[in-house]
Amino acid sequence: MSSPLVPGGAVTVRQVPEATRRRNLGVLLRLVHRYRAMSRAGLADRMGVNRSTILALTTQLTAVGLVREEASGATGRAGRPSLVVRPESDRWYVLAFDVAVDRLVAARVGLGGTVLERREAARRRSRHADLDEVVGVLAGFGRALVAAAPPAARCVGVGASYCGLVRAADGMVRLAPNMGWTDLDFAPALSRRLGLGLPVAVGNEAHLGALAEHERGAGVGHRNLVYLHGDVGVGGGIIVGGRLLDGDDGYAAELGHMIVNPHDGRPCNCGSRGCLEAEVGEAALLEASGRAGGPVGRDGVRAVVAAAGGGDTAARRALDRVGDWLGIGVANLINLFNPGVVVFGGTLGEIYRGAAPRIHARVAAGVLPVSRDRVELRTAALGYDSTLTGAAELGFAALLADPLGALGEDGPAS
């Protein structure tokens, strides 16, 4: 195969145009970040270049302290131990934030995606904008995480996942129906309070969950994926041909507001009726099981699932009802997008585990056989950390796109 990185055969990295060299460094670092350990041979195969080119690229990234090479323990054909390239996770990190309806999570995530330290707090459920309170808690967590990092470690980015519609152009939270937020500049406010001199990149929680599961979780190896995320409501993310379906302004795949029950559906916080979110969200499950007014959030959903498994008739009936509507929604999505995998994240992962037979029955009855034959239904491999993982990837984006440019240097670190 001809090399797209070094056309015409083996040349040194200094002979490659500057823009290409920077791009190649980013490709290599992204691979090491994603897989956490790759041999030189594996990198050469994935990038389509010869090993001398990989040696030149890894030498540069090692010089600035982004990666290191170690013996793998295996031996090559000549009997020498093969070398693997690993990220310097303890030296380079991002701050990742996850803003859910009823909790706030912050983490220091090292290069390679390793969560090094995390903080979490409950969030009051309110129909009023709580921007100052949320930013204050997250900024406090962020400053504490930075202070606890090793002295030589450096924060290279900040990413945040938010449970609402986020405008792609500037990260503004345009609408959060379950919390009463409208057009609030969350990212600039958090950046100012953190005081790190870094911008905050913000994304919709389900979009980021879809990306994370595609890269590191249940969707690895699939080019097309549908991700359904349960919090209080339902969000969605869709991967088509390996890329996120984001829409003109970043609001695509609001799967929770797909109308599945237009005639006698439950009212939704968006102002419509019969949305998927209204029929399968937390409120629908708790009310149908007779548990409204009791525990909410993850604890409330888990309690219903556990009770149904233990023979509680009302809980079983409620879970079956929600599973029916969820199966109808999933059947529609499979017919529309022909994904290789549908992933249930957040509290929908709990619901899927308790209502899988109902969901599968709806899919069997409602999906065209040619699309149904190979699709897999799975719970999120990253669990409740799918959205946090996606936020961390936002934070790493600049470094992975142009490692030397992000660090402000072109040569070896002093």
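Among contacts in the protein between residues at least 6 apart in sequence, 65% join residues at least 24 apart. The structure under analysis is a predicted model, and its secondary structure comprises 14 helices together with 16 strands. The radius of gyration is 23 Å, close to the 22 Å that the globule rule gives for 414 residues, so the protein is as compact as a globular protein of that length. The C-alpha trace, followed along its principal axes, spans about 70 × 50 × 40 Å.

C155 is placed in strand β7, which covers residues 154-162, and its relative accessibility is 15%; because the cut-off for a buried residue is under 20%, C155 counts as buried. When residues up to four places away in sequence are not counted, C155 touches Y93, V94 and L95, and also L196 and L198. By contrast, A121 lies 34 residues from C155 along the chain, and the C-alpha atoms of A121 and C155 are separated by 22 Å.

Terms used. Residues numbered from 1 in each chain as written. Predicted model: local features only at pLDDT ≥ 70, side-chain atom pairs only at ≥ 80, totals over all residues. Heavy atoms only, no water. Helix = DSSP H or I, 4+ residues; strand = E, 2+ residues; numbered from the N terminus. Rg over C-alpha atoms; globule rule 2.2 N^0.38 Å. Contact = heavy atoms within 4.5 Å. Buried < 20%, exposed > 50% of the residue type's maximum accessible area, 1.4 Å probe, protein only.
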